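My entries follow in the order in which I made them.

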Amino acid sequence: MYSKCKRMVGLLLICVLALGVSAAAFETQIEPRDNWHDYTGELPADTGDVEVSTVKKAYTNNYFAVSCKSSRSGLGSVNVWTETGWGINASSPNHPITANGIINNVNYTNKPSIQTEVTLNIDNNSVTSTTYPIEGRWSPY
């Protein structure tokens, strides 16, 4: 009776440990949907750019995702790109997206490592006489 009880306790202990280890593994992972960041900014008149957000890269993806829109009409598209430390481009600054609030995936040309701080830049790619308030979401993945 004692050895049967001892085996049951041992089996129960193994199950509890296995469950605890798997729960801890899931707890430390960040889901990609949790790595989204809101931003706001203002694009200068003419063809100026603005750095709108800096966050750490959390995944090994070869791209980042971004949306942009303006509350002022007339902004058709913007160029988006990313930089890492010292202003080094992680993606091409010549990547236009439509400023309609739809998510776009943009490839990195120099993919940053995980935990590297990545800065999102947005450029007004046409000559205008007015500034544009912008907002959106992005993830460096």
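**Entry 1: salt bridges**

I found that the side chains of Lys-69 and Glu-135 form a salt bridge, at 4.0 Å from N to O. My criterion for a salt bridge is a side-chain nitrogen of Lys or Arg within 4 Å of a carboxyl oxygen of Asp or Glu. Lys-69 sits in strand β4 (residues 69-70) and Glu-135 in strand β10, so this pair ties together parts 66 residues apart in sequence. Lys-69 is partly exposed at 40% relative accessible area, and Glu-135 is partly exposed at 38%. For these classes I took buried as under 20% relative accessible area, exposed as over 50%, and partly exposed as in between, with a 1.4 Å probe and protein chains only.

The model is predicted: local features need pLDDT of at least 70, side-chain atom pairs count only at pLDDT 80 or more, and totals for chains, interfaces and linings use all residues. Residues are numbered from 1 along each chain as its sequence is written, and side-chain values use heavy atoms, with hydrogens and water left out.

How many salt bridges does the structure hold? I counted two. In the other entry on my list, Arg-137 pairs with Asp-38, and the closest N and O atoms are 2.8 Å apart. This pair links distant parts of the chain, with Arg-137 in strand β10 (residues 132-139) and Asp-38 in strand β1 (residues 37-43), 99 residues apart. Arg-137 is partly exposed at 39%, while Asp-38 counts as exposed at 60%.

**Entry 2: overall layout**

I listed one helix and 10 strands in the protein. I used DSSP runs, numbered from the N terminus: helices are H or I with at least four residues, strands are E with at least two. The order from the N terminus is α-β-β-β-β-β-β-β-β-β-β. Of the 141 residues, 33% are buried. I took a contact as heavy atoms within 4.5 Å. Among contacts between residues at least 6 apart in sequence, 78% join residues at least 24 apart.

**Entry 3: aromatic pairs**

I counted four aromatic pairs. The rule takes rings of Phe, Tyr and Trp (its six-membered ring) with centres within 6.5 Å; planes under 30 degrees apart are stacked, over 60 edge-to-face, and the rest tilted. Trp-36 and Tyr-141 are edge-to-face, with 6.0 Å between centres and 80 degrees between planes. Trp-36 is in the loop between α1 (2-28) and β1, and Tyr-141 is in the segment after β10, so the pair ties together parts 105 residues apart in sequence. Trp-36 is buried at 18%, and Tyr-141 is buried at 11%. The ring centres of Tyr-63 and Tyr-141 are 5.4 Å apart and the planes are at 70 degrees, so I logged this pair as edge-to-face. Tyr-63 is in strand β3 (residues 63-66), 78 residues from Tyr-141. At 26%, Tyr-63 is partly exposed. Ring pairs join Trp-36, Tyr-63 and Tyr-141 into a cluster.

**Entry 4: two single residues**

Is Asn-121 buried or exposed? I read 0% relative accessible area, so Asn-121 is buried. Asn-121 lies in strand β9 (residues 117-124). Beyond four places in sequence, its contacts include Asp-49, Val-50, Glu-51 and Trp-81.

Ile-88 belongs to strand β6 (residues 88-89). With residues up to four places away left out, Ile-88 touches Thr-82 and Glu-83. Thr-82 and Glu-83 are also among the contacts of Asn-121.
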